[in-house]
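Reader: Please take me through one part of this model closely. I would like to look at the ligand and what surrounds it, then at a few residues elsewhere.

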Amino acid sequence: MKNFNFHSASNIKEATKLVSSRSTFLAGGMTLIPAIKLGLAAYSDIINIKNIKNLSGIKATSKSLKIGATTKHAEVSLSNVVKKIIPSLSDLAEGIGDPQVRNRGTIGGSIANNDPAADYPSACLALNAKIYTNKRKISSDKFFKDMFETDLKKGELIELVDFSIPEKSCYAKFPNPASRYAIVGVYVAKFKDEVRVAITGVESCVFRCKKLEDALSSNFSPSAIDSVNISSKGFNSDIHASAEYRAHIIKVMAKKAISSC
Ligand SMILES: Cc1cc2nc3c(=O)[nH]c(=O)nc-3n(C[C@H](O)[C@H](O)[C@H](O)COP(=O)(O)OP(=O)(O)OC[C@H]3O[C@@H](n4cnc5c(N)ncnc54)[C@H](O)[C@@H]3O)c2cc1C
């Protein structure tokens, strides 16, 4: 159904009041609009959240970096605050899609959509992000459930993503040459008391790789993962890459990320 009521909310209360069983939020529209045009999704009401002022913006504290849900990828990639505090996050945003996508797409839209090959979900997991909605705080370990599925309930609105600041971190992506989505993306983050490694593009949902985390916890260097065996069982196999190839590329990208940290 391509007929719908269009609403533009000016604040969070107004947006959530408009929620109904067949409504959806519209942020950058980079996924939602194609899905509607292709007949993959249909809604009675579309609630535009882009005009809600306090949903956008970047703020650093001594412990974390807070990014508002409707902050665009281009804003994250160009932000001097992000470049200074978590440069890997700015690099990740710079590598998303193309300039048009980066100037429309938002961080909230990206993680709400939870595409299995999207970049931001790996940043959330590796940087131990907390996702704040209009109802609650969700840890990233619990947020990403499965392909295009998150812990969000109907009508729950992401307000901001709060990233922990690591000692060092890096994201290495082997991109699809056309869309720039990850065929394999590996985000490595070293904190004082733990190393977190998140992988995207490889399974139906982003995941943490415990084997790599354990190897890097005792020795944070590329050679530490030489003996780690990554099994391709359950990995995606498609026209872009076989499961075995993805398993191989995980270590290549992980080493690239660790040596660039
Ligand atoms: C050609 C192309 C190339 C791309 N390449 C990449 C890439 O390389 N890497 C990558 O990671 N991504 C890529 N993307 C995805 C893009 O970057 C967007 O992040 C993504 O499409 C969704 O963000 P959006 O703001 O456009 O959300 P929308 O399309 O507006 O919304 C997507 C979904 O999220 C929901 N939603 C949006 N905001 C919120 C919120 N605040 N709270 C709750 N729900 C919300 C909507 O209701 C909808 O269901 C690409 C997209 C295109 C079209």
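Author: **Around the ligand**

Of the 30 residues around the ligand, Phe25, Gly29, Thr31, Thr106 and Asp119 come nearest. Here, a residue counts as near a molecule if one of its heavy atoms lies within 4 Å of it. This is a predicted model, where local features need pLDDT of at least 70, side-chain atom pairs count only at pLDDT 80 or more, and totals for chains, interfaces and linings use all residues. Residues are numbered from 1 along each chain as its sequence is written, and side-chain values use heavy atoms, with hydrogens and water left out.

Thr31 has a polar side-chain atom 2.4 Å from an oxygen atom of the ligand. Met30 uses its backbone: a polar atom there is 2.8 Å from a ligand oxygen atom. Asp119 faces a nitrogen atom of the ligand, with a side-chain N or O atom 2.7 Å from it. On its own, the ligand has 980 Å² of accessible area, and the protein covers 88% of that. Such areas come from the Shrake-Rupley method with a 1.4 Å probe.

Next, the elements. Strand E2 (23–26) and helix H7 (107–113) are the ones that give two or more residues to the shell around the ligand. H7 gives the most, with four residues. Helices (H or I, at least four residues) and strands (E, at least two) are DSSP runs, numbered from the N terminus.

Sort the shell by class and you get 14 nonpolar, 12 polar and four charged residues. Ala, Val, Leu, Ile, Met, Phe, Trp, Tyr, Cys and Pro count as nonpolar; Asp, Glu, Lys and Arg count as charged; the others, Gly among them, count as polar.

Now look at Asp162. It is found in strand E10 (residues 158–164). Asp162 counts as buried because its relative accessibility is 9%. Buried means under 20% relative accessible area, exposed over 50%, and partly exposed in between (1.4 Å probe, protein chains only). The Asp162 side chain makes a polar contact with the side chain of Ser64 (2.6 Å). It also makes one with the side chain of Lys66 (3.1 Å). A polar contact is a pair of N or O atoms within 3.5 Å; within protein, one must be able to donate a hydrogen and the other to accept it, and residues adjacent in sequence count only if both atoms are side-chain atoms.

Last, Ser223. This residue is in the loop between helix H10 (210–218) and helix H11 (243–260). Ser223 counts as partly exposed, at 47% relative accessibility.
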